[in-house]
Amino acid sequence: MAAQQPKVSLTGIKPTGEPHLGNYIGAIRPSLELTSTYESIYFIADYHALTSIRDRRELASYTRSVAATWITLGLDPARTIFYRQSDVPEIFELSWVLSCVTGKGLMNRAHAYKAARDRNAESGVADLDAGINMGLFNYPILMAVDILIMNTDVVPVGQDQSQHVEYAADIAGSFNHLFGDVFSLKIPEGIYPAGISARALPGTDGRKMSKSYKNTIPLFAPEKQLRKLIRGIVSDSTPVEQPKDPDASAAFALYENFATPEAVKEMRTRLEQGGTGWGELKNALFETVNAWLSPLREQYEALVAPGSELDAILDAGAEQARDRARPVLEGVRRAVGISPL
């Protein structure tokens, strides 16, 4: 009996800002852990980023930074297909085909679109669609294509993003109903690794670490900047000698994710017993994070530099991705009555 092929896991990364510690704990680390279990495909969703980014230098910089970050943190291009979405034109042809079989009502119910309309309503804007571009409205279709064109079995997402996977299955079903079971063998499913959005990592102000809140700690911040950001994490005014609640501390939540279990247990005890201040916790957090980042900074800087091996890695990944995408698109073309490529 032939060995069973591993299931295919696909992850898309939108380059809309500088990667930070929250991205690592919430998405990068749990996603990389899946590469030992699945045949993994990871891509930089640069065309998705066009729904919000309007500066070409920003988009180019973020795309390169995100790609270099994932490789620096452990993505192995020899084991994982890794590419830029924009390097696979088959994605965009299939996106048009599937947009023609997708009901507008389904798109009306998409979370991102509804949230944008709700913001307009809350602001008293009469036109609820003001400021909403068609890229944002059609976003779920392009995401469905990202998933379907790679014959994806599973998509690791947070619970709040499960709708995207459900939409991919719905859109595939609509196509199958009209043109035959082109996607019948590969209706994707969402999986929900514990790390992915399971618990939002706090930023420097105590809220969820997010670029929109401007409270992030960049992953490869220089040592001096890293120290300043960590020292600036909000904390209450409990005196050093008084007992403290570690679970109410943003700094401790960060420490839990980077220190060893033994070090976390010891710090918790010291805080709860009193005699240890928040400043001491922040110093320990800085030392722990900096010790982890120090050997990685040089590798990241070399990768992100113009003309590095990053370009060849992404080019090779694009060729692998196109090899997977072409047969899917050819099957769709035949099904709808358009000549094969």
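**Figure 1. Secondary structure and overall dimensions of the predicted model.** The secondary structure of the protein, in this predicted model, comprises 13 helices and five strands. Along the principal axes, the C-alpha atoms occupy a box of roughly 75 × 55 × 45 Å. The radius of gyration is 22 Å, which agrees with the value near 20 Å that a compact globule of 341 residues would have. Among contacts with a separation of 6 or more, 78% are between residues 24 or more positions apart.

**Figure 2. Surface and charged side chains.** Of the 341 residues, 47% count as buried, and the protein exposes about 17,000 Å², of which carbon and sulfur atoms supply 51%. The side chains include 35 that are positive and 41 that are negative, and the centres of these two sets lie 3 Å apart.

Figure 3. In soluble globular proteins, nonpolar side chains tend to be buried together. The largest nonpolar core of this model holds 49 residues, and the members that touch the most others are Trp70, Phe82 and Tyr255. At least two residues of this core come from each of helix H1 (21-33), strand S2 (39-44), helix H3 (56-72), helix H9 (223-231), helix H10 (250-258), helix H11 (261-273), helix H12 (278-304) and helix H13 (310-336). Helix H12 gives the most, with 11 residues. A second, separate core has 45 residues, including Ile41, Tyr113, Ile141 and Leu142.

**Figure 4. Surroundings of tyrosine 255 and threonine 288.** When neighbours within four places in sequence are left aside, tyrosine 255 is in contact with Ala263, Val264, Met267, Leu281, Ala284, Leu285 and Thr288. Threonine 288, placed in helix H12, is in contact with Tyr255, Phe258 and Ala259 once its own neighbours within four places in sequence are set aside. With a relative accessible area of 23%, threonine 288 is partly exposed. Threonine 288 also lies 9.2 Å from threonine 260, C-alpha to C-alpha, although the two are 28 residues apart in sequence.

**Figure 5. The loop between strand S5 and helix H9, with threonine 216 and lysine 214.** Threonine 216 is placed in the loop between strand S5 (189-191) and helix H9, and lysine 214 lies in the loop between S5 and H9 as well. Threonine 216 counts as buried because its relative accessibility is 18%, under the cut-off of 20%, whereas lysine 214 is exposed, with a relative accessible area of 75%. Apart from neighbours within four places in sequence, threonine 216 is in contact with His20, Met209, Ser210, Lys211 and Leu229. The backbone of lysine 214 has a phi near 55°, a positive value in a residue other than glycine.

**Figure 6. Asparagine 151 and its positive phi.** Most residues other than glycine have a negative phi. Asparagine 151, although not a glycine, has a positive phi of about 50°. This asparagine 151 lies in the loop between helix H7 (134-148) and strand S4 (154-156), where asparagine 151 is partly exposed, with a relative accessible area of 29%.

Figure 7. Alanine 60 lies in helix H3 and counts as partly exposed at 49% relative accessibility. Glutamate 166 is found in helix H8 (residues 162-179) and is partly exposed, with a relative accessible area of 44%.

Methods: Residues numbered from 1 in each chain as written. Predicted model: local features only at pLDDT ≥ 70, side-chain atom pairs only at ≥ 80, totals over all residues. Heavy atoms only, no water. Helix = DSSP H or I, 4+ residues; strand = E, 2+ residues; numbered from the N terminus. Rg over C-alpha atoms; globule rule 2.2 N^0.38 Å. Buried < 20%, exposed > 50% of the residue type's maximum accessible area, 1.4 Å probe, protein only. Contact = heavy atoms within 4.5 Å. Areas by Shrake-Rupley, 256 points an atom, 1.4 Å probe, with all protein chains shown as cover. Lys, Arg positive; Asp, Glu negative; His and termini not counted. Charge placed at Lys NZ, Arg CZ, Asp CG, Glu CD. Core = buried A, V, L, I, M, F, W, Y, C linked by side-chain atoms within 4.5 Å.
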